[in-house]
Amino acid sequence: MDDAVPLPFRTPGRAALTNPDNRFDRLATQAIDDGWPSDDAPPVLRTTVADERPRRVITRNTSPDIGFDRSINPYRGCEHGCIYCFARPSHAYLGLSPGLDFETRLIARPDAPDLLRRELSAASYVPKTIAIGTNTDPYQPIERDRRIMRQILHVLSDFNHPVGIVTKGALIARDIDILAPMAAKGLVRVGISITTLDPATSRAMEPRVPHPAARLRAIRQLTDAGIDVRVMVSPIVPALTDHELEKILTAAADAGAVAASSIVLRLPREVAGLFREWLSQAYPDRAARVMARVRELHGGKEYDPEFGKRMTGQGEWARLMKQRFDLAAKRLGLDRKLSPLRTDLFKVPPKPGDQMSLFD
């Protein structure tokens with residue numbers, strides 16, 4: 001992306017500028033200028049991946065404003081490095097920082113496919129759509145080599161289990177050979193997130209996410225294969241990307257998207273400080289205006305976690321954005337409600353050596 005704005009103030013290929021202390025630590029560190037000259041160029045940070053072997057892989061939730069009750073995360077941390085990512089604070093539970101650690105010190109779950117197979121095989125299991133990509137992206141760059149998400153899809157396909165996938169990764173097109181047959185059975189739906197169509201803004205905010213044009217191509221590839229794709233204009237960043245709302249929806253509709261959704265910027269816990277720090281360096285001319293609008297969206301605070309408000313925001317600007325979104329989505333035919341994914345096809349496949357039923 002040659003037209004991206006160079007950002008010499010930050011670590012190459014990363015969005016966060018710093019690595020704030022873990023909020024659970026008893027001690028904190030603070031950088032102090034000792035007067036000695038130093039090289040101002042930040043060091044290059046390589047991605048490291050550690051394996052985690054959890055006892056279970058399906059996570060349950062009861063949040064009233066999230067449309068699913070179970071999810072899977074093949075990875076913890078995300079190399080995409082989106083500065084606005086609401087999942088950053090989850091890295092603190094690993095004893096790591098939500099800043100640069102979140103982007104560079106990743107956790108993979110190689111046993112996830114086997115654990116999923118075991119959990120789905122339990123006699124007490126009742127199928128409902130499993131959401132993947134709701135915390136960290138299953139198609140972040142390390143998936144190209146680790147292929148954990150692809151193995152999970154194989155398991156879900158074997159069980160005829162419904163799955164909803166959210167991603168910014170164009171790598172999802174690699175798995176069309178699994179996704180297309182599942183879609184034909186009504187078992188899969190995909191959401192592709194596009195925050196901006198401007199390559200420079202994208203490179204600044206989400207440094208290792210595929211180019212916006214690559215995500216539009218992925219929408220076309222998926223829809224041509226018969227897979228329903230919802231474009232997600234998320235997050236809408238006031239005074240930075242909000243003017244692109246209609247353009248993003250139009251481009252996605254032209255690429256074949258069949259539905260759309262949007263979420264306003266939300267900055268929980270450490271994300272607020274990381275975003276402010278990044279914004280003051282990347283866009284100093286509008287930093288104050290962006291943060292003023294963010295506070296307006298969340299009742300005078302940088303973030304309001306109240307259910308029913310945290311995704312949509314509140315106030316006049318939120319109302320106008322919803323109005324713009326609704327009008328554009330209706331004009332483009334993206335306001336349709338998609339049918340629920342099927343659960344009636346779910347069946348535990350026979351294990352090697354099992355007696356086949358005479359009635360199968």
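View 1. Residue numbers start from 1 along each chain as its sequence is written, and side-chain values use heavy atoms, with hydrogens and water left out. Helix α5 itself spans residues 176–184, and I176, I178, L179, A180, M182 and A183 are buried there. Buried here means under 20% relative accessible area, exposed means over 50%, and partly exposed is in between (1.4 Å probe, protein chains only). Helices (H or I, at least four residues) and strands (E, at least two) are DSSP runs, numbered from the N terminus. Just past the end of α5, look for G186, with a positive phi of about 75°.

**View 2. I165 and the largest nonpolar core.** This core has 65 residues, and L116, L120, L156 and I165 touch the most other members. For a nonpolar core, take buried Ala, Val, Leu, Ile, Met, Phe, Trp, Tyr and Cys residues joined through side-chain atoms within 4.5 Å. Zoom in on I165: setting aside neighbours within four places in sequence, its contacts include I132, P138, M149, L153, I172, L179 and V190. A contact is heavy atoms within 4.5 Å. Another core lies apart from this one; it has 31 residues, among them A87, L267, L274 and M291.

**View 3. Three rings in a cluster.** Ring pairs link Y125, F159 and F346. The structure holds 4 aromatic pairs, where rings of Phe, Tyr and Trp (its six-membered ring) pair if their centres lie within 6.5 Å; planes under 30 degrees apart count as stacked, over 60 as edge-to-face and the rest as tilted. Y125 and F346 make a tilted pair, 5.7 Å centre to centre with 50° between the planes. That pair links distant parts of the chain, 221 residues apart: Y125 is in the loop between α2 (112–120) and β6 (130–132), and F346 is in the segment after α11 (316–332). Y125 counts as buried because its relative accessibility is 11%, and F346 does too, at 18%. F159 and F346 are stacked, because their ring centres are 6.0 Å apart and their planes sit at 25°. Since F159 lies in helix α4 (residues 148–159) and F346 in the segment after α11, this pair ties together parts that are 187 residues apart in sequence.

**View 4. A charge over a ring.** R266 lies over the face of F86, 4.3 Å from the ring centre. The test for this is NZ of Lys or CZ of Arg within 6 Å of the ring centre and within 35 degrees of the ring normal.

**View 5. Strand β9 and its two partners.** Because 7 of its 8 residues are buried, β9 is largely enclosed by the rest of the structure. β8 and β9 pair in the parallel sense over 4 bridges, and pairing calls for at least two DSSP bridges between the strands. G191 has R230 in β9 as its bridge partner. Strand β10 (residues 259–264) also runs parallel to β9, with 5 bridges joining them, and I236 is bridged to V264 in β10. P235 has its place in β9, which covers residues 229–236, and the peptide bond between S234 and P235 is cis, with omega about -15°.

View 6. Most residues other than glycine have a negative phi, and most peptide bonds are trans. R147 is not a glycine, yet has a positive phi of about 60°. R147 sits in the loop between α3 (143–146) and α4, and counts as partly exposed because its relative accessibility is 37%. A239, also not a glycine, has a positive phi of about 65°. You'll find A239 in the loop between β9 and α8 (245–255), buried with a relative accessible area of 19%.

**View 7. Confidence along the chain.** The mean pLDDT is 90, and 88% of residues reach 70 or more; pLDDT is the predictor's confidence in each residue, from 0 to 100. Over residues 1–6 the pLDDT is below 50, and this stretch has 8 contacts in the model beyond near neighbours in sequence. Where pLDDT is low, the predicted coordinates should not be read in detail.

Definitions and conventions:
Predicted model: local features only at pLDDT ≥ 70, side-chain atom pairs only at ≥ 80, totals over all residues.
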